[in-house]
Amino acid sequence: MPEQDPLAQLRGIHLPEAISAWPPAPGWWLLAALVLAVLAIAVVAIAKRVKANQYRRLAAKKLEQLQQLQHQPSEYVQQLNQLLKQTALAAKAPSSKAVAQLSGEPWLQFLDQTGNTTEFQQGCGKVLAQGPYAPVAAMTVDHEQLHKLQQLALAWIKKHKFKTL
């Protein structure tokens, strides 16, 4: 019997099969669920914020439209006052009924407190106290003051925050 080389009978090295990527380990499932939950919470929070600030965007758009009335100071001041009051009511200010009744100095104080400013009582916003009720002939507001008032109103619309009054 012829002797065979025992090494010739050996087969080549067999590598194990590659590890499958699917199905993932339980830890990856938990991570995916956590990421989806965080994304869902973020989407809901962003949607609530957008909806909650919609009144601000609408008020800013209406304020921009009011610029057409700047050549009629009395009408402009009256419309601006009305817009600011509507904005405060749309924001669901604390004690909205009391806010709806404000006029004169208390109204300016409210605007200053909620807008974190003093410009309504001490600056160009003073015209809002008597402006809507002043006769057209008595209204002495120049274009520059109306422009400053427009900017002040826009800043209030964008940044007002209600505190306990």
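Helices here are DSSP runs of H or I at least four residues long, and strands are runs of E at least two long.

**Entry 1: the whole chain**

I note at the start that this is a predicted model. I counted elements and got eight helices and zero strands. I read the order from the N terminus as α-α-α-α-α-α-α-α. Next I looked up burial. The chain has 165 residues, and 27% of them count as buried. Then I checked how far contacts reach along the sequence. I took contacts between residues at least 6 apart, and 61% of these join residues at least 24 apart.

**Entry 2: helix H8**

I picked H8, residues 143-159, and tested its length. Its 17 residues at 1.5 Å a residue should span 24 Å. I found the end C-alpha atoms 24 Å apart, so the two values agree.

Which residues of H8 are buried? I listed Leu-146, Leu-149, Gln-150, Leu-152, Ala-153, Trp-156 and Ile-157. I wrote a reminder beside the list. An α-helix has 3.6 residues a turn, so residues three or four places apart point the same way.

I then asked what the buried residues of H8 pack against. My list holds helix H2 (54-66), helix H3 (73-90), helix H5 (104-115), helix H6 (119-122) and helix H7 (127-130).

**Entry 3: H3 with H8**

I looked at how H3 and H8 lie. Their axes come within 11 Å and cross at roughly 5°. Angles under 35 degrees count as roughly parallel, so H3 and H8 are roughly parallel to each other. From H3, the contact uses Pro-73, Tyr-76, Val-77, Leu-80, Leu-83, Leu-84, Thr-87 and Ala-88. From H8, I noted Leu-146, Leu-149, Gln-150, Ala-153, Trp-156 and Ile-157. I sorted the residues of this contact by type: twelve are nonpolar, two are polar and none is charged.

**Entry 4: H3 with H5**

I turned to the pair H3 and H5. Their axes are 12 Å apart and pack at an angle of about 55°. That angle makes H3 oblique to H5. I recorded the crossing of H3 past H5 as left-handed.

Which residues meet here? H3 brings Asn-81, Leu-84, Lys-85 and Ala-88. H5 brings Trp-107, Phe-110 and Leu-111. I sorted the H3 and H5 contact too, and it has five nonpolar residues, one polar and one charged.

**Entry 5: looking back**

I compared my two lists for H3. Leu-84 and Ala-88 are in the contact with H8, and Leu-84 and Ala-88 also meet H5.

Conventions:
Residues are numbered from 1 along each chain as its sequence is written. This is a predicted model: local features need pLDDT of at least 70, side-chain atom pairs count only at pLDDT 80 or more; totals for chains, interfaces and linings use all residues. Side-chain values use heavy atoms; hydrogens and water are left out. The expected span of a helix is 1.5 Å times one less than its number of residues. Buried means under 20% relative accessible area, exposed over 50%, partly exposed in between (1.4 Å probe, protein chains only). Contact means heavy atoms within 4.5 Å. Axes are lines fitted to C-alpha atoms, for helices over the stretch in contact, and angles run from 0 to 180 degrees between N-to-C directions. Angles under 35 degrees count as roughly parallel, over 145 as roughly antiparallel, 65 to 115 as roughly perpendicular and the rest as oblique. Ala, Val, Leu, Ile, Met, Phe, Trp, Tyr, Cys and Pro count as nonpolar, Asp, Glu, Lys and Arg as charged, and the others, Gly among them, as polar. A crossing is left-handed if the near helix is turned anticlockwise from the far one by less than a right angle, and right-handed if clockwise.
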